[in-house]
Amino acid sequence: MCRIAGIISGNSDIKNIDTQVKAMCDVMSSGGPDSEGIYVSKDGELALGHRRLSFLDLSPLGHQPMTDVKEHCWIVFNGEVYNFLELKDQLLKKGYKFKSGSDTEVIISSYLEWGTAAFARFNGMFAFALYDINKKQVYLVRDSAGIKPLYYYTNPENDQIIFSSEVKAFVNINHNWEENPNWKLLLLTFGHIPEPYTTLRGVQSLEKGSYLQYDLLAKRIVKIEKFRKLEFHEIKIRTKGEAEDAIRQKLKSAVDRHLISDAPVGLFLSGGIDSSLLTLLAAGQLKDQLHTLSVTFTEQGFSEQEYQQAVIDKVNCNHRNYTVGKKDLENNLNAIIAAYDQPSDDGINSWFISRCAHDNGLKAVISGLGSDELFGGYPSFNRIEQLYLLKQMPASILGLSRMLPSLPFRRLGWLQIKKPVGLYLTLRGLCTPGQAANLCGLTEKEVLARINSLNFSPNHSETLLKEEAASWLEFNYYMQNQLLKDSDYMSMRHSLELRVPFLDQDFVDTVYSIDPTILYKHGGLPKQLLIDSFKDVLPEKIWNRKKMGFSFPFQSWFGEMDQIKEVVKGTRPGISLWNGFEQDQIHWSKIWAYYLTLTFSRS
């Protein structure tokens with residue numbers, strides 16, 4: 001796990017691009033504390049930068065930027081390719097030679113053998129830039145689940161492309177970079193900045209499962225191609241027994257792959273179904289090397305310690321428990337805000353668990369992220385069918401939802417946007433159209449028009465219905481833009497890698513080939529199929545209870561934090577927002593998002 005950056009420029013007037021790339025990498029140093037490197041092409045048109053966090057081949061042979069033995073290509077790589085040993089065996093049989101034990105070198109050789117078709121062969125989480133010296137081609141590539149971030153900016157006037165793992169790196173070379181005029185509205189409506197947009201004008205996220213190809217020859221052509229999609233496809237598994245067998249086999253294999261490392265790997269044990277299951281599966285391979293950690297609170301209503309203990313009692317693990325209180329939040333508030341690369345109404349919990357893992361000497365932690373989106377763990381899976389019916393109503397009728405007394409019902413106003421984003425905002429929108437308008441100084445009509453005019457990625461297939469559509473929305477909006485980003489920023493801030501076996505490419509393909517009537521047949525419980533697949537492994541105490549999620553007591557903590565209160569109440573719309581919060585009518589996440597619109601720094 002690392003951080004990467006680079007500049008490709010055909011304008012000879014632009015000097016010292018190596019210095020600029022180094023400045024971009026320096027601002028991301030916590031994500032790559034082990035070493036750094038810069039490659040500059042002989043013609044001076046290209047510079048690739050890298051900050052390293054070592055996991056495979058901890059020796060200097062894993063240093064980046066890296067080239068192949070014949071120096072045909074150069075690469076800077078962020079992430080892990082979990083099937084690199086299988087690919088390496090295939091390449092060795094074809095006569096390729098390797099000088100390191102890293103997956104990075106396998107990426108280069110795979111490209112040399114199979115070209116851009118190699119990208120679809122990689123099972124992992126990755127973002128990399130590869131420079132083909134002979135063809136004078138540059139490729140920016142991002143994994144199919146979008147686990148690792150990759151941002152880019154193109155400037156046709158001087159034939160320039162800038163890319164980086166973090167948006168803040170762009171500001172480090174141009175402190176006058178113009179901000180995206182819509183970022184505050186996006187944050188207050190979504191709770192995050194949805195792809196491809198960022199807080200900076202012109203800086204956008206490369207769509208997952210895609211590669212950007214840049215021709216360094218005379219035409220200077222930029223082309224973006226999709227090489228892989230994680231989506232529902234042909235049904236291959238049609239019985240419950242067959243589905244359970246496939247889930248057991250594929251998830252166990254995914255966990256085994258995600259444990260490959262030359263550095264310590266631990267598991268975050270929350271006490272929920274997903275983290276408990278991964279811990280129990282990992283215990284079989286790690287045995288007495290299993291490290292687990294948990295966060296608890298003095299507020300008993302938020303404590304899941306008894307469920308965590310139920311799993312600990314079943315495995316031989318080195319467990320650490322950390323207690324977090326309001327004072328910890330107050331003392332670290334500025335550090336938490338500084339850790340955001342892009343603002344979010346969440347992420348504080350990820351910051352604390354990442355700090356705990358780092359303090360425990362771990363360099364990587366396995367997370368249960370992705371399970372709810374795949375198996376139907378959210379209320380949205382039960383509500384989606386009703387919303388499909390409601391969205392058929394005329395916009396004039398839906399607009400009357402602003403007059404309803406309940407805030408959740410006022411979110412129906414988002415259904416006036418007929419695109420998939422209207423469904424998502426009705427299910428998960430942070431603010432209603434009226435609230436967003438008030439906080440941004442706009443009219444509701446202007447808010448709806450702005451959101452409707454934007455093009456979010458990826459595009460939604462209108463053929464998906466009911467639970468499949470809910471899965472798509474949760475996977476491509478909430479998980480993609482909030483959970484994965486928050487996890488990446490906060491973990492890397494603590495020089496920690498977060499691994500997500502539920503998003504293993506092979507596992508997701510298997511789940512999305514199961515007949516939806518089996519996949520989402522709840523039988524009284526969310527994620528019933530996943531539970532049934534591992535009932536012989538999971539203690540009943542873990543799955544036969546109400547879902548909690550990994551949440552902190554922020555509703556009470558925020559009310560006692562003068563630093564937040566003074567900033568929010570320092571604006572006219574903030575006064576009414578805070579009053580609603582004190583009356584327990586406004587969720588803390590709206591307070592946090594609005595606070596970030598007033599305090600978040602892009603530098």
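Start by selecting residues 265–268 and 290–296: these are strands β13 and β14, which run parallel and are joined by three bridges. Helices (H or I, at least four residues) and strands (E, at least two) are DSSP runs, numbered from the N terminus. Within this pair, look for F268, which stands opposite L293 in β14. Before moving on, note that this is a predicted model, where local features need pLDDT of at least 70 and side-chain atom pairs count only at pLDDT 80 or more, while totals for chains, interfaces and linings use all residues. Residues are numbered from 1 along each chain as its sequence is written, and side-chain values use heavy atoms, with hydrogens and water left out.

**The parallel sheet**

Now widen the view to the open sheet of five strands, ordered β15-β14-β13-β16-β17 with parallel pairing; two strands pair if DSSP finds at least two bridges between them. At its edges you will find β15 (317–323) and β17 (497–499), each pairing on one side only. From one strand to the next, the twist averages 30°. Next, select residues 348–359, helix α10, which packs on the sheet and touches β13, β14, β15 and β16 (364–366). Contact here means heavy atoms within 4.5 Å. The direction of α10 makes about 140° with that of β14; axes are lines fitted to C-alpha atoms, for helices over the stretch in contact, and angles run from 0 to 180 degrees between N-to-C directions.

**The antiparallel sheet**

Another open sheet has six strands in the order β4-β5-β6-β7-β11-β12, with antiparallel pairing. Strands β4 (66–67) and β12 (222–226) are the edges. Zoom in on β6 (residues 124–132) and β7 (residues 137–142), which pair over six bridges, and find A129 opposite L140 in β7. Then select residues 103–114: helix α3 lies across β4, β5 (73–81), β6 and β7, running at about 120° to β5.

**A covered strand**

Select residues 46–52 for strand β3. How many of its seven residues are buried? Seven of the seven are, with buried meaning under 20% relative accessible area, exposed over 50%, and partly exposed in between (1.4 Å probe, protein chains only). Colour L46, L48, H50 and R52 to see them point one way, and A47, G49 and R51 to see them point the other way. Strand β1 (residues 2–9) runs antiparallel to β3, joined by seven bridges, and I7 has A47 as its bridge partner.

Your next pair is α12 (residues 380–390) and α15 (residues 420–428), packed at an angle of about 130° with their axes 11 Å apart. That makes α12 oblique to α15, since angles under 35 degrees count as roughly parallel, over 145 as roughly antiparallel, 65 to 115 as roughly perpendicular and the rest as oblique. To show the contact, select S380, R383, I384, L387 and Y388 of α12 with L423, T426 and L427 of α15.

Stay with α15: eight of its nine residues are buried, so this helix is largely enclosed by the rest of the structure. Its buried residues pack against α5 (183–190), α12, α17 (444–453) and α18 (466–493).

Finish in α18 with E467, which is buried with a relative accessible area of 19%. Leaving aside neighbours within four places in sequence, E467 is in contact with F381, I384 and Y520.
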